[in-house]
Amino acid sequence: MNFLGITGMQYSGVPFHDTRILLAEDSNVFTQMIGARLKELLGLTVEVCRNFEELQECYEHSSEEVTLAISNINLPGAENGEALEYLVDLSIPTIVFTSTFHEDTREKLITKEVVDYILKDNVFAVDMLTESVCRFLTNHRHHVLIVDDSPTARALLSSRLKRYNFRVSLADSGAKALEILRNHPDIGLVVTDYNMPDIDGFELTRRIRTMRGSHELRIIGVSSSTNRLLSARFLKAGGNDFMLRPFIEEEFYCRVNQNLDTLVQIKTARGNGQKAAAA
């Protein structure tokens, strides 16, 4: 079975083994909808916790590791966000599913480093939540290389991508990036800075393209420069996308997802084409 999400994501239907998901939600309508959708599309069963006490019991009365939590910000017995604080303190990856949202809320959620947040404000909310769950559970299949000579920038991007469950490799120079790519053919995405001392982002992209095409590897360029021509030059050098620092967290994750979705679709189409030709 292929699951095609509303943003273009595909799910191959490979089952998720040893996956435990807690759903902290007091609305019967949403618990039923979420449970049914995750079961139908992903074959997942969730443990429903309708209040803060049940959430604590679910965690404390089982030694089985929690893979992911889906949580409303406010639960009975935790009307001031204590449930989310509880999950974050336990280092449980959490997707927030909420109708309470404004600019302040967003900043707090970003600070808490939740996996994602989904708003209950449209008819696609449960489908978007299901897709977010699927992404988290499948992101480990994607290997991403970060190339930046700044240790701070590398650490920031690495922590963001690991929060979303990606496998990450790091390179502090263009030369090191090329070495890693030669040794790791499974890398599907490179996020590279433009301004580096040995090989700049343009030249690195050109060299990568002599090794691997866009159907095998996607490249996102990044820069702190205010020169708007950089994006055009980068794309002409063989890049697939370009972003200016500082990033908006959600935009960065969406750009990563879109490039990897495109890569998966290309590989699927090529695979189907080869099967048809062989037949």
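Reader: Strand 8 and strand 9: how many bridges, and in which sense do they pair?
Author: Strand 8 pairs with strand 9 over 5 bridges, in the parallel sense. This is a predicted model. Within that pairing, Val 144 stands opposite Val 168 in strand 9.

Reader: What order do the strands of that sheet have?
Author: The order is 9-8-10-11-12, in an open sheet of 5 strands with parallel pairing. Strand 9 and strand 12 (241-244) are the edge strands, and each pairs on one side only. From one strand to the next, the twist averages 20°.

Reader: Which strands does helix 6 lie across?
Author: Helix 6 lies across strand 8, strand 9 and strand 10 (187-193), and runs at about 170° to strand 9.

Reader: And helix 8?
Author: Helix 8 (residues 201-211) lies across strand 8, strand 10 and strand 11 (218-223). Its angle to strand 10 is about 160°.

Reader: How many bridges join strand 5 to strand 6?
Author: 3 bridges join strand 5 (residues 68-71) to strand 6, and the two run parallel. Ala 69 stands opposite Thr 94 in strand 6.

Reader: Changing topic. How many aromatic pairs?
Author: The count comes to 10 aromatic pairs. One of them is Phe 30 with Phe 97, edge-to-face, at 5.3 Å centre to centre and 85° between the planes.

Reader: Where do Phe 30 and Phe 97 lie?
Author: Phe 30 is in helix 1 (residues 28-42) and Phe 97 in strand 6 (residues 94-98), so the pair ties together parts that are 67 residues apart in sequence. Phe 97 is buried, at a relative accessible area of 0%.

Reader: And Tyr 164 with Tyr 253, stacked or edge-to-face?
Author: Stacked, with 3.7 Å centre to centre and 15° between the planes. Tyr 164 sits in the loop between helix 6 (151-163) and strand 9 (167-171), whereas Tyr 253 belongs to helix 10 (residues 249-278). The two are 89 residues apart, and the pair links distant parts of the chain.

Reader: Are those tyrosines buried or exposed?
Author: Tyr 164 counts as buried at 3% relative accessibility, and Tyr 253 counts as buried at 7%.

Reader: What is Asn 139 in contact with?
Author: Leaving aside neighbours within four places in sequence, Asn 139 is in contact with Tyr 164, Asn 165, Phe 166, Arg 167 and Tyr 253. The side chain of Asn 139 reaches the backbone oxygen of Tyr 164 at 2.8 Å. Asn 139 is in the loop between helix 5 (125-138) and strand 8 (143-147), and counts as buried at 2% relative accessibility.

Reader: Which residues form the aromatic cluster?
Author: Tyr 194, Phe 202, Phe 234 and Phe 242 form one cluster.

Reader: Last topic: how many disulfides?
Author: The count is 0 disulfides.

How values were computed. Residues numbered from 1 in each chain as written. Predicted model: local features only at pLDDT ≥ 70, side-chain atom pairs only at ≥ 80, totals over all residues. Heavy atoms only, no water. Disulfide = S-S within 2.5 Å. Phe/Tyr/Trp six-rings, centres within 6.5 Å; stacked < 30°, edge-to-face > 60°. Helix = DSSP H or I, 4+ residues; strand = E, 2+ residues; numbered from the N terminus. Buried < 20%, exposed > 50% of the residue type's maximum accessible area, 1.4 Å probe, protein only. Polar contact = N/O pair within 3.5 Å; in protein donor to acceptor, adjacent residues only side chain to side chain. Contact = heavy atoms within 4.5 Å. Pairing = 2+ DSSP bridges. Axes fitted to C-alpha atoms, helices over the stretch in contact; angles between N-to-C directions.
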